[in-house]
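This briefing describes a single protein model. Please consult the sequence and the coordinates alongside the text.

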Amino acid sequence: MKKPKRKLTLPEKIDLPPLLDLWEQQDPSGPDATGIYDFYRNLAEGELTTTKCKSCGKLMFPPQIICPNCYSDELEWVRIPEEGELYAFTELRLGAPIIVENYTPFVIAIARFGNYPENGVQISGMMFDVKYEDLKIGDKVRWEILEIEGPGEKKRYWYYFEKVE
């Protein structure tokens, strides 16, 4: 006699632990503020930014609240140069996170922006509408802002890369 098939029912709403969803913690000030509110505000305004140490000049990504190089908390927000260079990439076909699994296959890339490592950053990001076979190390890329809708009326923002033709 066969066992009945096992069934899974997914909830309509999936609450992410705070470590995976920092968006709700983005207050400009207060006891729960993460100190990187400006990063998310700047994304919403169409700018990809990060922090730069005023003491030692170190540019870092992701944004920090204390410089990991000299431990100064004197940081300023700077815009990441719009164009960078593809450093590494792979294609994700299976096992994508739930919110992007419908977009597979897509490319996950590491790109360098600015004069890395002296005065630039190395960032990972997704690339849509490009085939793995059409990319090579050293290709020019630019960051773009990604608008994420939902759940409900909520809007969030992130970034992705596009190949510069």
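The structure is a predicted model, in which local features need pLDDT of at least 70, side-chain atom pairs count only at pLDDT 80 or more, and totals for chains, interfaces and linings use all residues. Residues are numbered from 1 along each chain as its sequence is written, and side-chain values use heavy atoms, with hydrogens and water left out.

**Overall architecture**

- The protein contains one helix and eight strands, where helices (H or I, at least four residues) and strands (E, at least two) are DSSP runs numbered from the N terminus.
- Read from the N terminus, the order of elements is α-β-β-β-β-β-β-β-β.
- Of the 165 residues, 29% count as buried; buried denotes under 20% relative accessible area, exposed over 50%, and partly exposed the range in between (1.4 Å probe, protein chains only).
- Among contacts with a separation of 6 or more, 47% join residues 24 or more positions apart, a contact being heavy atoms within 4.5 Å.

**Three-stranded sheet**

- Three strands form an open sheet in the order β2-β1-β3, with antiparallel pairing; two strands pair if DSSP finds at least two bridges between them.
- β2 (59–60) and β3 (75–79) are the edge strands, each with a single partner, so one side of each has no neighbour in the sheet.
- Five bridges connect β1 (residues 49–53) to β3 in the antiparallel sense, and C53 stands opposite L75 in β3.

**Aromatic pairs**

- The whole structure holds twelve aromatic pairs; rings of Phe, Tyr and Trp (its six-membered ring) pair if their centres lie within 6.5 Å, with planes under 30 degrees apart counted as stacked, over 60 as edge-to-face and the rest as tilted.
- F113 and F161 make a tilted pair, at 5.6 Å centre to centre and 45° between the planes.
- This pair links distant parts of the chain, since F113 belongs to strand β5 (residues 106–115) and F161 to strand β8 (residues 155–163), 48 residues apart.
- F113 and F161 are both buried.
- The ring centres of Y159 and F161 are 6.0 Å apart with planes at 40°, so this pair is tilted; both residues are buried.
- A cluster of ring pairs joins F39, Y40, F61, F113, W158, Y159 and F161.

**Salt bridges**

- The structure contains ten salt bridges, each defined as a side-chain nitrogen of Lys or Arg within 4 Å of a carboxyl oxygen of Asp or Glu.
- E47 and R79 form one, with their closest N and O atoms 2.2 Å apart.
- E47 lies in the loop between α1 (37–44) and β1 and R79 in strand β3, so the pair ties together parts 32 residues apart in sequence.
- R79 also forms a salt bridge with E82, at 2.9 Å between the closest N and O atoms.
- E47 is partly exposed at 28% relative accessibility, as are R79 at 43% and E82 at 35%.
- E91 and R93 meet in a salt bridge at 2.7 Å, N to O; E91 is partly exposed at 21%, whereas R93 is exposed at 52%.
- A salt-bridge network links D38, R41 and E45.

**Loop residue D129**

- D129 is located in the loop between β6 (119–127) and β7 (140–149) and is exposed, at 85% relative accessibility.
- D129 and P105 are 24 residues apart in sequence and 9.5 Å apart in space, C-alpha to C-alpha.
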